Amino acid sequence: EALAADEDVLTRKHRLLRRVYQTSGKRVLESAEFGSFLEEHAHWLKPYGLFCVLRDLYGNSDSSQWGDLGRLSHAQIDSLASAGGSKYQACCYWYWLQFHLHLQLLDASEYAGNKGIALMGDLPIGINRHAVDVWVRPDLFDLHKMAGAPPDVFTQRGQNWKLPVYDWDRMARDGYSWWRARLKHMGRYFSALRVDHILGFFRLWELPSHAVTGLAGHYSPSSPILASQLDALGLWDRQRLSTRYIRAHLLQRRFGKDSNIVAKRFLEEGPNGAFVFRAGLDTEMALADAIEREPLVLEGMDPQQVLEAVLDMCNDRCLVRDEDAPDERFYPRFRLWETDSFAELGPDWQVKLRQLHDDHFSWRHEELCEATARQRLSVLQGASTMMLVGEDMGPAPSCLPLVLQDASIPGLRIPRVTKMATASYPYLSVAASSTHDMLSSAGWWASLSAAERNQHWTLLGQTGAPPDHDATHTHTHTHTHT
C-alpha cells in the first residue's frame with residue numbers, strides 16, 4: 001500500500017512537472033546555462049534520458065523487454081538522444097528535470113555551507129539490475145549473481161537484496177572509472193558521504209541468480225574449499241554433503257501427515273531411499289514461482305509457512321558447490337550444523353565439518369579481505385574530497401577497525417544498536433539516530449516499552465522521567481554536542 005501511494009505521488013508530480021515544462025521548458029532548453037550543463041554531463045545524462053523514455057514507452061524498466069532498443073551501442077544511444085535523433089524531443093523533458101534538480105541541490109548545498117552546515121550524501125552498496133547503469137554498462141556487473149547477507153539474529157534465512165554484484169576485475173581494467181565518476185559528481189553537492197554497507201568493500205555475500213533466500217551464498221572474495229582438501233580430511237562423499245538431504249522421516253517431521261502431498265508435488269525418488277527435487281523445481285526461485293502460481297495449504301500451515309519449509313528443505317546440505325567449478329570448489333553452508341544433513345552424520349565428520357565452517361567464516365580470509373578493502377576504499381577516497389563515513393554494522397571481518405582507522409574513515413554509531421552512551425564512542429565515529437532501513441526516531445521511540453525508554457534516556461545522559469512523545473530533539477542535541 002505504501003509503495004502504491006508513493007507511485008501515485010510520483011505520477012501526480014510528473015503530471016504537474018510536465019505542465020511546467022510545456023510552459024517554460026523551451027526557454028530553459030535554449031539558454032546558455034542549460035547548454036553548458038548538457039554538454040558537461042552528456043556522458044550520463046543522455047543515456048539516462050533515453051532510458052527513461054524507453055522505460056515509459058514499454059511500461060517497464062527491464063531492457064530485455066524492449067526488443068532491439070534494449071541492446072544499443074554507445075553510439076546508437078548518443079544518436080537517438082541527441083538533437084536530430086528520433087527520441088531527442090522526448091528526452092528533453094528528462095534533461096530539463098535533471099537540470100533543475102542539479103540547480104536546486106547545488107543551491108541548497110551552498111546555502112547550508114554558508115550557514116556552517118555540511119551535507120552528507122549516501123552511496124548505496126548496490127544498484128537495481130534494471131537500472132540505467134546496468135543497461136549502458138552490463139560488462140561492469142555479474143548478472144548471474146545477486147548480493148545479500150547471511151542469516152543473523154534478525155533474519156533466520158538471510159537476506160537477498162536482488163542486486164547484481166560488481167565485476168571488480170573488469171572495473172579495475174579501466175581504473176574504476178565508473179566509481180570515480182559517481183563520487184566526483186556527488187562531490188559537487190556534498191562534503192561527506194555515507195558508504196552504505198562498507199563491509200561490502202571488504203567482502204560481499206554472493207547468491208546465485210535463482211536464489212530467493214540468503215542461505216545458499218558465500219562471501220566474495222574468499223577461498224573455496226577444494227575437493228582435494230576434503231579428501232585429505234577423509235570427507236570423501238562430496239555428493240552426500242552437497243546434495244539436499246531429504247528423507248521420508250524428515251518430510252513427516254516438517255509437514256506432518258501431509259508430507260505425501262509435498263512429496264508428490266515437488267519430489268521424486270532418488271538413490272538410497274532419498275528424495276530429490278523434480279526437474280524444473282530444483283532451485284529456490286522455481287519452487288517459489290510454483291507455490292505462487294498454485295498455493296499449497298497444509299494442515300496447520302498457511303502458504304507462506306509452506307514456502308519457507310520447502311525452501312529450508314532446498315537448502316538442507318552441508319556444502320554449497322561453486323557454480324563455476326561445481327566438482328572442484330565448495331563452500332560451507334552458513335550454520336551448517338542447523339541442517340538435517342549435518343545432524344545425521346557421524347560425530348567424526350561433524351567435528352571436521354564444523355572446524356571447516358568456523359575456519360572459513362573467521363580467520364581464513366582476513367588477509368584477503370584486508371587487501372581487498374584497502375584497494376577499493378583508496379579508489380573511493382581518491383575520487384573526491386568528500387569525507388567517507390562507513391556504515392559498518394553487521395558481521396564484519398576483524399580487520400575492519402584497523403582498515404578504517406588507517407584510512408581515517410569514521411564508522412557509523414547508532415545508539416539504539418550499540419546501546420552505549422555517545423560520549424563513549426571512539427573519536428573516529430559518526431553518531432546518528434537511525435539509518436535508511438530503520439524506523440524513524442519518532443517511530444522507534446513510540447515502539448519502546450517504559451523500561452526500554454528509561455534505559456535509552458540514561459544512555460543519552462538525561463535525568464528524570466523520559467518523555468512519552470518523540471525524543472528526536474534530545475537525540476540530535478546529544479549527537480551534535482558529544
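# Close-up views of a predicted model

**View 1. The largest pocket is lined by 45 residues.** Nearest its centre lie Trp44, Tyr48, Val132, Asp133 and Arg182. The model shown here, as in every view below, is predicted. The volume of this largest pocket is about 1700 Å³. Helices H1 (2-29), H2 (32-58), H3 (74-81), H4 (88-114), H5 (132-136) and H7 (177-186) each give at least two residues to the lining of the largest pocket, and so does strand E1 (120-123). H2 has the largest share of that lining, with 12 residues. Sorted by class, the lining of the largest pocket has 24 nonpolar, 11 polar and 10 charged residues.

**View 2. The second largest pocket holds about 820 Å³ of space.** Its lining counts 31 residues. Closest to the centre of the second largest pocket are Asp152, Gln159, Met393, Gly394 and Asp437. Strand E2 (141-149), E3 and E5 each contribute at least two residues to this lining. E3 supplies the largest share, three residues. By class, the lining of the second largest pocket divides into 17 nonpolar, eight polar and six charged residues.

**View 3. One cavity of 30 Å³ or more is present in the structure.** The largest cavity has a volume of about 40 Å³. Its lining is made by Ile125, Gly126, Ala147, Trp161, Leu163, Pro164, Tyr166 and Leu204. Strand E3 (residues 159-166) gives the most to the lining of the largest cavity, four residues. Seven of the lining residues are nonpolar, one is polar and none is charged.

**View 4. Trp205 and Phe361 form a tilted aromatic pair.** The structure holds 32 aromatic pairs. For Trp205 and Phe361, the ring centres are 6.3 Å apart and the planes stand at 40°, so the pair counts as tilted. Trp205 and Phe361 are both buried.

**View 5. Phe334 and Phe361 pair edge-to-face.** Centre to centre, the rings of Phe334 and Phe361 are 5.0 Å apart, with 80° between the planes. This pair, too, links distant parts of the chain: Phe334 and Phe361 are 27 residues apart. Phe334 lies in the loop between strand E11 (329-332) and helix H14 (340-343), whereas Phe361 lies in the loop between H15 and H16. Phe334 is buried, as is Phe361.

**View 6. Seven named aromatic residues form one cluster: Phe141, Tyr166, Trp168, Tyr176, Trp178, Trp179 and Phe201.** Tyr166, a member of the aromatic cluster, also lines the largest cavity. Trp168, another member, has the charged end of Arg376 over its ring. That charged end of Arg376 is 4.0 Å from the centre of the Trp168 ring.

**View 7. The charged end of Arg18 sits over the ring of Tyr93.** The distance from this charged end to the centre of the Tyr93 ring is 3.8 Å.

**View 8. Three strands make an open sheet in the order E7-E11-E10.** The pairing in this sheet is antiparallel. Strand E7 (225-226) and strand E10 (319-321) are the edge strands, and each of them pairs on one side only. Between E10 and E11, the antiparallel pairing runs over three bridges. Arg321 has Phe330 as its bridge partner in E11.

**View 9. Gln98 is a buried residue of helix H4.** The relative accessible area of Gln98 is 16%, under the 20% cut-off, so Gln98 counts as buried. Gln98 and Trp444 are 346 residues apart in sequence. In space, the distance from Gln98 to Trp444 is 35 Å, C-alpha to C-alpha.

Definitions and conventions:
Residues numbered from 1 in each chain as written. Predicted model: local features only at pLDDT ≥ 70, side-chain atom pairs only at ≥ 80, totals over all residues. Heavy atoms only, no water. 1 Å grid on protein atoms, 1.4 Å probe; cavity = no way out; pocket = protein on both sides within 12 Å on 5 of 7 lines; lining within 4 Å. Points joined across faces, edges and corners; volume = space filled by probe spheres on them. Nonpolar A, V, L, I, M, F, W, Y, C, P; charged D, E, K, R; others polar. Phe/Tyr/Trp six-rings, centres within 6.5 Å; stacked < 30°, edge-to-face > 60°. Buried < 20%, exposed > 50% of the residue type's maximum accessible area, 1.4 Å probe, protein only. Lys NZ or Arg CZ within 6 Å of the ring centre and 35° of its normal. Pairing = 2+ DSSP bridges.
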